[in-house]
Amino acid sequence: TNPKPLMFLWVPWAWCGVVEDFDHVEHCKDYIYMGIPPRGYLAGSNLKKICQILEDNPRFVTLYDPRRHMPLYSAYTFKRSDGEKSMDQPWMYEPQLASSKSSSNMEVYPQSAQMHMRLMDSQAVLEDFTDVPQYVRGQLNPDQHQLEPLDKAATYTLSNVVPQIREFNTGPWAQHEDRIRRRLNNYCHGNAYVITGVTAAGNMIRRDNQDRVGIPEYMWTAYCCPDYDHNAPYLERYHFPVFGAYGLNNRVNNAVVEVPIKTLETFLKGRLDVDKNYQIFYNDCVPDDM
């Protein structure tokens, strides 16, 4: 018999979790406009770039601060959806933040206290949110902006979550997430790239007399949709191809303000550890052929 030809199999563990850069398809580059992440972040080597993977497929990206156990931003592609939230999703963690030898797939939080102790140095754990009823786990890449069950499930990793004041999360921020969902559903024809992040002023959730999780001062978000409906009503059309927003993570004075991308970048430069070339989307989401 003839020997069978060698088959080159796609191996799932070619996908990475914590990466040097988001510069390959297997490093999640497809979730960022032009494959180029926001530029200008200064904390450099201390920050971890996570290609968020669930069941061997990349889902979105996160820039994570392991010192403060908080994401600085998550970047994702918006999927047209009806805005329904998943029910009873298990919370997950990022094994590669704890050890580079671990699985690159996010995994459901282990039940054993011993495992929790091992994770605590590198990331937030569920107990960090137990005794702080004023905060909820706010997703940077929200479940409601995804459609497929696994893409929705992947948003329930604590590396995609920051402590949001409950009234802000369920009020102005939720309303803005839904406003953007409806706008992109209705008027964005091609891919919509969204980046949602935080600024932090140093406040932390404390547990057992230790600083555990950074609390955002402001939440911000921006989308880039190069292929949009040019016949949209003017009040919607001027929000394309790119627009931003920010809001104070507080019980009061917490309205979410929509602003042009340059205005958002100027606002953030004074509140983030970034250089003067800080830019959220490559070329401010203006295609090179314009």
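Which residues do ring pairs link into a cluster with Y41? The answer is Y73 and Y278, which ring pairs join with Y41 into a cluster. Keep in mind that this is a predicted model.

Let me start with the rings. A pair of aromatic rings is described by the distance of the centres and the angle of the planes. There are 13 aromatic pairs in the structure, and I will go through two of them.

Y41 sits in strand 2, residues 39–41, and Y73 in strand 5, residues 70–77, so the pair links distant parts of the chain, 32 residues apart. Both Y41 and Y73 are buried.

The other pair is Y218 with F267. Here the centres are 5.0 Å apart and the planes are at 85°; the pair is therefore edge-to-face. Y218 belongs to strand 11 (residues 210–224) and F267 to helix 6 (residues 261–269), so parts that are 49 residues apart in sequence are tied together. Are these two buried or exposed? Y218 has 16% relative accessibility and counts as buried. F267 is buried as well, at 13%.

Now the disulfides. A disulfide is a covalent bond between the sulfur atoms of two cysteines. The count here is three.

One joins C28 and C51, with the sulfur atoms 2.0 Å apart. The angle about its S-S bond is 75°, and the link is right-handed. C28 lies in the loop between strand 1 and strand 2, while C51 lies in strand 3, so the bond ties together parts 23 residues apart in sequence. C28 is buried at 0% relative accessibility, and C51 is buried at 0% too.

Next, C188 is joined to C225, S to S 2.2 Å. The torsion about that S-S bond is about 105°, so this disulfide is right-handed. C188 is in the loop between helix 4 and strand 10, and C225 is in the loop between strand 11 and helix 5, 37 residues apart. Both cysteines are buried.

That leaves C224 and C285, whose sulfur atoms are 2.2 Å apart. With a torsion of about 80°, this disulfide is right-handed. C224 is in strand 11 and C285 in the segment after strand 14, 61 residues apart.

How do the bonded cysteines pair up, counted along the chain? The pattern is 1-2, 3-5, 4-6.

Notes. Residues are numbered from 1 along each chain as its sequence is written. This is a predicted model: local features need pLDDT of at least 70, side-chain atom pairs count only at pLDDT 80 or more; totals for chains, interfaces and linings use all residues. Side-chain values use heavy atoms; hydrogens and water are left out. Rings of Phe, Tyr and Trp (its six-membered ring) pair if their centres lie within 6.5 Å; planes under 30 degrees apart count as stacked, over 60 as edge-to-face and the rest as tilted. Helices (H or I, at least four residues) and strands (E, at least two) are DSSP runs, numbered from the N terminus. Buried means under 20% relative accessible area, exposed over 50%, partly exposed in between (1.4 Å probe, protein chains only). A disulfide is a pair of cysteine sulfur atoms within 2.5 Å.
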